[in-house]
Amino acid sequence: MPVTMSEIKLPEVELNIYTPREPVEATIVENRLCTKESSPNFVRHVTFDISGTELEGHVQVGQSIGILPPGEDENGRPHKLRLYSVSSPTEGEDGQPHLISTTVKRTIEEFDNNELYLGVCSNYLADLQPGDKVRMTGPSGRRFLLPQNATDFNYVMFATGTGIAPYRGMIKELLKAGIENDIVLIFGCPYRTDLLYADYFEPLDEEHPNFHYLPHISREARRADGTKKYVQTCLWDAAELLDPLLEQENTLLYICGLKGMEAGIYRALGKKKLTQYLDIREPAVNKKPEDWDEKDLKRYVKPSARTFVEVY
Ligand SMILES: Cc1cc2nc3c(=O)[nH]c(=O)nc-3n(C[C@H](O)[C@H](O)[C@H](O)COP(=O)(O)OP(=O)(O)OC[C@H]3O[C@@H](n4cnc5c(N)ncnc54)[C@H](O)[C@@H]3O)c2cc1C
């Protein structure tokens, strides 16, 4: 039976149990590197013990937590909180409700004058050791969630970088709930050294015929026509799998990761006439998707009710 879109019911979630004025203290229990040692990027899997706090059992997969780094900004004000997607399932890391995890990428920038800038919160978090305490807020986020009736749907999930984080928990949760529908995870990164959680997704892919893990590496092998592989080129590269799935009425699309990734996906959906995943308004509706400019993509091409987006 196809599911109609009015049947996507998102769960009621707790929001901001802890705020920047009244954060809670969590303890680091694990902090390990997820990228390969030869990668120029540093992404870490960080697990927190939230025992005895009201976060225990109240953080839904897809939500984020806030971290308050110590110290002050250049104006002498306390540093603002930064959000990090939760990468553990709702039932907690390894099924333990007092443990939640996230996936943090160190922000490191080099400017033209050779000055290096180290992001405040990501480097603080990435440096923490087991036993260290951290001030936490949240949870936050009420839309980038799995529906209540989650196993009724198929899922096509696009991720770049740490955008993989929420899918780690979501996919574990869906498979544990015995989903028989299909889940496709498309993860884009420049080199294979930046594949995150491949050792987690590959065995799941082998074990579950309805879970399809499609890493898409942009700067190594090219596509047959010589162009680079991006997450959206998967719509053509894996058309045999994706075409029939995306045509089904009960398929949902999730997009998470680098801001701007949604533009390429929206254009690709438009080109493939998969406009049920988009809410396209005048004047974009009268243009070819390949001609949608930044203004169109900002104002007139939006995700439809079947598309969930978290980009930053
Ligand atoms: C909903 C949501 C979920 C998120 N989930 C994740 C996640 O799962 N994992 C993750 O890693 N991130 C995630 N983020 C991003 C995260 O919140 C932070 O923005 C990120 O870690 C960078 O924070 P930072 O404090 O390290 O960098 P900041 O210090 O805030 O710097 C950010 C940028 O500002 C510029 N900048 C700031 N100050 C200066 C300066 N003095 N000189 C020069 N340049 C400067 C630099 O370009 C720098 O790259 C998420 C964001 C959102 C909104």
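In this predicted model, an oxygen atom of the ligand lies 3.0 Å from a polar backbone atom of V120, and this pair is listed below with two further polar contacts, a polar contact being a pair of N or O atoms within 3.5 Å.

| Residue (backbone atom) | Ligand atom | Distance |
|---|---|---|
| T103 | nitrogen | 2.7 Å |
| K105 | oxygen | 2.9 Å |
| V120 | oxygen | 3.0 Å |

On its own the ligand has 980 Å² of accessible area, of which the protein covers 69%, with areas taken from the Shrake-Rupley method and a 1.4 Å probe. The elements that give two or more residues to the shell around the ligand are β4 (82-85), β5 (99-105) and α1 (120-127); the largest share, four residues, comes from β4. Helices (H or I, at least four residues) and strands (E, at least two) are DSSP runs, numbered from the N terminus.

The ligand is surrounded by 20 residues, the closest being L83, E109, Y117, C121 and S122, where a residue counts as near if one of its heavy atoms lies within 4 Å. By residue type, the shell divides into eight nonpolar, seven polar and five charged residues; Ala, Val, Leu, Ile, Met, Phe, Trp, Tyr, Cys and Pro count as nonpolar, Asp, Glu, Lys and Arg as charged, and the others, Gly among them, as polar.

According to the unreviewed UniProt entry, the "binding site" annotation covers S85, K105, T162, S218, R219, K228, G257 and L258. These positions span 174 residues in sequence and their farthest two C-alpha atoms are 28.2 Å apart, so they do not all gather at one spot. Such annotations may be inferred rather than shown by experiment.

Two of the annotated positions can be followed further.

Residues are numbered from 1 along each chain as its sequence is written, and side-chain values use heavy atoms, with hydrogens and water left out. Because the model is predicted, local features need pLDDT of at least 70 and side-chain atom pairs count only at pLDDT 80 or more, while totals for chains, interfaces and linings use all residues.

Definitions and conventions: Polar contact = N/O pair within 3.5 Å; in protein donor to acceptor, adjacent residues only side chain to side chain.
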